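Here are my notes on the backbone and packing points that I would check by eye. Please read them with the model open.

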Amino acid sequence: MPTGGSSFLSSLTKRKKSPEQLVKLAVACLHELPAVEDASWTCPGVDGTKATVPAMDGLNRGEPGPSKQQKQDELTSSRHSISSSAPSNPDASRTSSAGSDAGASRRSSFFLSAFGKKEAHSHDSGSAPPPHSSAGSSRDGSAADASTSGKVRGISIRPTGLSVSKFFSDSSRKPPILSPQESNWSQGSVGQSGIEGDSVMERLAKRLSQMKLVLYGDGEKEVDKDKCVDLAENIIKEGLMPLLLDRFTNLPFEARKDAAQIFNNIARHNHAGFADPYIADHHFSILEQLISGYGHPEVALNCGSMLREAARHEKVARRILFSPHVWPFFDTFVHLPNFDVASDSFATLRDLLTKHKTVAAEFLEEEYEQVFDKYKSLLASDNYVTRRMSLKMLGEILLDRSNFNVMMRYISSKENLKMIMNLLRDKSASIQFEAFHVFKVFVANPKKPPAIVKILVTNRDKLVTYLTHFHTDKDDEQFREEKSLLVNTLANLDYEEAAT
């Protein structure tokens, strides 16, 4: 090979950047791009009117958010305060389909112990179900209740899940093409891009692609975990993520996709404490930026995936739930006209309310009135998908062992019973079926309040007739057994029990 060719290959090898250099080059590009100054956006309200939603900073708090300078001061002060200790088991937060099935079995077992057939538990039919324990609330639902074996008896909850598309792009939105040259770092320690004439956006996209390669590999070599941690440490040190998110809507599709994958990998494995403590304790503003992303359809799904990865960590989920920023999910995001965005926001809300059992139960008990007042608007929505997904999630929440106190409070309300009975007669067969799995909780409760018994007794004959012919075409033995249990329970109700 000619000397010139050998020299060219050698120069390519030398140009391979270290994680530190990649991050610094990306930050230099980002400083040349304009940030999105106005993060407010207009969306349809629940009542159909148009509403302008401000940026997440100070939302619903009646106070202004931090200025750009304050954010920069916060970033500078926290750069060297983050621990770089090794992350916990990176696979511990992954939930398998088998784990979901086990979780459903655990909820079924809990329901049987509380509301099961009286003849099967005659020795303790009058006792209250045991309070939940921390051991029964593992994140991935892998520990099924030992009392459930063989054929499931009584009432159970079905595993649920949401399927949404991963990415969404608006081809009509073109990023601005800027041409300032990459900053020349002092002492030449970082080096030049090596590609004359590249725009800032192209150079940034290249650096993001190279970072992704460090984290995911190229299929030929195993990922170097030390380099992954080194990359995460430099991303934290240089404040790359806040800068990226400030300019996220201006990035081209592939750059946004790469940025989301970088964030998701580092957050999932918690490299260098990226999710906890960096985001959870020092940079809640990153979560604010991701939440506000639901107001921009071109980046909403990217932001949603990043938000869910961060919320895999309990401390992050707690910060979101116990902040004002959780309420737009109920009030606005799940009602958005874009189906993909609304479904994605519902997936995020579902994770927040079901993934971390203890935190979710604490939130639901503390904010019960506000949560279920807003939940009424979800169940009364004109949007079919919103009603169906809300009913499915409600059934999952009520039948989770950790939420026993919330369940008892919910099924003691006659207003809640009336709403579910109306949904039981919805024109949609799917809505009816989801409502059935909430209605059964009211009927199977062995300690029904008199007001609930009175409504059920008053409508007993109609309910028995309706349920007898309810979804007879379903070839599901468990569903038929549940329906039979409800019909027998309703038939045995009397006015004397309602008067007690």
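1. H471 is buried, with a relative accessible area of 12%; that counts as buried because the cut-off is under 20%. The model is a predicted one. H471 sits in the loop between α22 (460–468) and α23 (477–491). Its phi is near 50°, a positive value in a residue other than glycine.

2. A272 also deserves a look. This residue is not a glycine, yet its phi is positive, at about 55°. A272 belongs to the loop that runs between α8 (253–269) and α9. Buried or exposed, where does A272 fall? A272 is buried, and its relative accessible area is 2%.

3. The peptide bond between D276 and P277 is cis, with omega about 25°. P277 is placed in helix α9, so please look at this bond together with the helix assignment, which rests on DSSP runs.

4. Next, the packing of α9 on α10. Helix α9 covers residues 274–282 and helix α10 covers residues 284–292. Their axes come within 5 Å and cross at roughly 80°. α9 is therefore roughly perpendicular to α10, because angles of 65 to 115 degrees are classed that way.

5. Which residues make the contact of α9 with α10? From α9 come Y278, I279 and H282, and these meet F284, I286 and L287 of α10. By class, the residues of this contact are five nonpolar and one polar, with no charged residue.

Methods: Residues are numbered from 1 along each chain as its sequence is written. This is a predicted model: local features need pLDDT of at least 70, side-chain atom pairs count only at pLDDT 80 or more; totals for chains, interfaces and linings use all residues. Side-chain values use heavy atoms; hydrogens and water are left out. Axes are lines fitted to C-alpha atoms, for helices over the stretch in contact, and angles run from 0 to 180 degrees between N-to-C directions. Helices (H or I, at least four residues) and strands (E, at least two) are DSSP runs, numbered from the N terminus. Angles under 35 degrees count as roughly parallel, over 145 as roughly antiparallel, 65 to 115 as roughly perpendicular and the rest as oblique. Contact means heavy atoms within 4.5 Å. Ala, Val, Leu, Ile, Met, Phe, Trp, Tyr, Cys and Pro count as nonpolar, Asp, Glu, Lys and Arg as charged, and the others, Gly among them, as polar. Buried means under 20% relative accessible area, exposed over 50%, partly exposed in between (1.4 Å probe, protein chains only).
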